[in-house]
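Trainee: Could you take me through the charged side chains of this protein, with a close look at one part of it?

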Amino acid sequence: MKKRSILSLAFILALGVFLTACGQSNKQSSPASSHSSSTKKVSVVATDTIIGDIAKNVAKDHAKVHVIVPTGQDPHEYDPLPDDVSATAKADLIFYNGINLENAKNAWFTKMQNNIGEAAKKKSYAVSDGVDVIHLKGKKEKGKQDPHAWLNLENGIIYAKNIAKQLIRKDPKNKSDYQRNLKQYTQKLHKLDVEAKHKFNQIPANKKLIVTSEGCFKYFSKAYHIPSAYIWEINTEVEGSPDQISTLVQKLKKTKVPSLFVESSVNAKPMKTIAKDTGIPIHATLFTDSIAKKGQVGDSYYSMMKWNLNKIAEGLSK
């Protein structure tokens, strides 16, 4: 995966504009501006579309949510735009995934926080707090965690609860609304989770193997008792090398798995090679790191998970 620098002229200019605006905001406000500030929405920044969608479901009309990484792009690596820097600097709350996704030592979000300053760090919250973290294969040390916790709906519920907690802390006058929204949303996610577990329990054990390009379904595997196999482990490593493909092909030839899957955020070519070499068809494209564009199937966290769960159950039942 390509490495790109966040330190650009655009970033510096955006930060300069923000600091100027801060200086102006320190001037005495008029009664009219004081009244509008008391009724304004909470300004929320989310690092990716999944977190942004969960935040919108919990906050609804009480917050304005700015999402940094656009739909369809990989949150592992990203170059923030000037608007992203400005929104983050001025936000009331900043929600990020954590678990070494965008907050690793040299990750884009960490660099952006450092450049904005301590104020950004103090209002930043990892929505994954409380998740039972899974590490990359054979690696238990810090910095080697698997960040894809949201692919287990139980963890998605944890994300929602963490977001609600901070919204209530920041905007206590609307506490009852946040609590009501949270309850309705998490009940919806819980119902989908229960339905999925029932479907997967009906699938024969010898067909239970989810095969994807990136090894991002570990949390999913743990939740639904379906082992996973993959070409490469995480999107920041080598992707689709001949050795990786050969290793997976040999493994699959010893199984009776009926279907393969490819993620919407990766190059499908390596998985197509796997399909050709094994004779196992690719059943569907799955969502992993991003929701779909508005108006398309999978354009929310709930709908992307519903699509994934239905398609995986369908493919493994063949």
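Mentor: Happy to! Let's start with helix α8, residues 175-201, which gives the most to a positive surface patch, with three residues. Keep in mind that this is a predicted model. The patch is formed by Lys60, Lys188, Lys191, Lys199 and Lys306. One of these, Lys188, lies in helix α8, and it counts as partly exposed because its relative accessibility is 41%, between the limits of 20% and 50%.

Helix α8 also holds a charged pair of its own. Asp177 and Arg180 both sit in this helix, three residues apart, or about one turn. Their side chains meet in a salt bridge, with 2.9 Å from N to O. Arg180 is partly exposed, at 43% relative accessibility.

Why do such pairs form? Side chains of opposite charge can pair when their charged atoms come close.

Now let's compare that with a pair elsewhere. Lys218 forms a salt bridge with Asp146, and their closest N and O atoms are 3.6 Å apart. Lys218 belongs to helix α9 (residues 218-224), while Asp146 is in the loop between β4 and α7, so this pair ties together parts that are 72 residues apart in sequence. Both Lys218 and Asp146 are buried.

Lys218 has another partner too: its side chain meets that of Glu233 in a salt bridge of 3.2 Å, N to O. Glu233 lies in the loop between β6 and α10, so its pairing with Lys218 in helix α9 links parts 15 residues apart in sequence. Glu233 is buried, as is Lys218. Through shared partners, Asp146, Lys218 and Glu233 are joined into one network. Across the whole structure, a search finds nine salt bridges.

Definitions and conventions: Residues numbered from 1 in each chain as written. Predicted model: local features only at pLDDT ≥ 70, side-chain atom pairs only at ≥ 80, totals over all residues. Heavy atoms only, no water. Patch = residues over 30% accessible without salt bridge, like charges linked within 9 Å, V, L, I, M, F, W, Y side chains within 5 Å. Areas by Shrake-Rupley, 256 points an atom, 1.4 Å probe, with all protein chains shown as cover. Salt bridge = Lys/Arg side-chain N within 4 Å of Asp/Glu carboxyl O. Lys, Arg positive; Asp, Glu negative; His and termini not counted. Charge placed at Lys NZ, Arg CZ, Asp CG, Glu CD. Helix = DSSP H or I, 4+ residues; strand = E, 2+ residues; numbered from the N terminus. Buried < 20%, exposed > 50% of the residue type's maximum accessible area, 1.4 Å probe, protein only.
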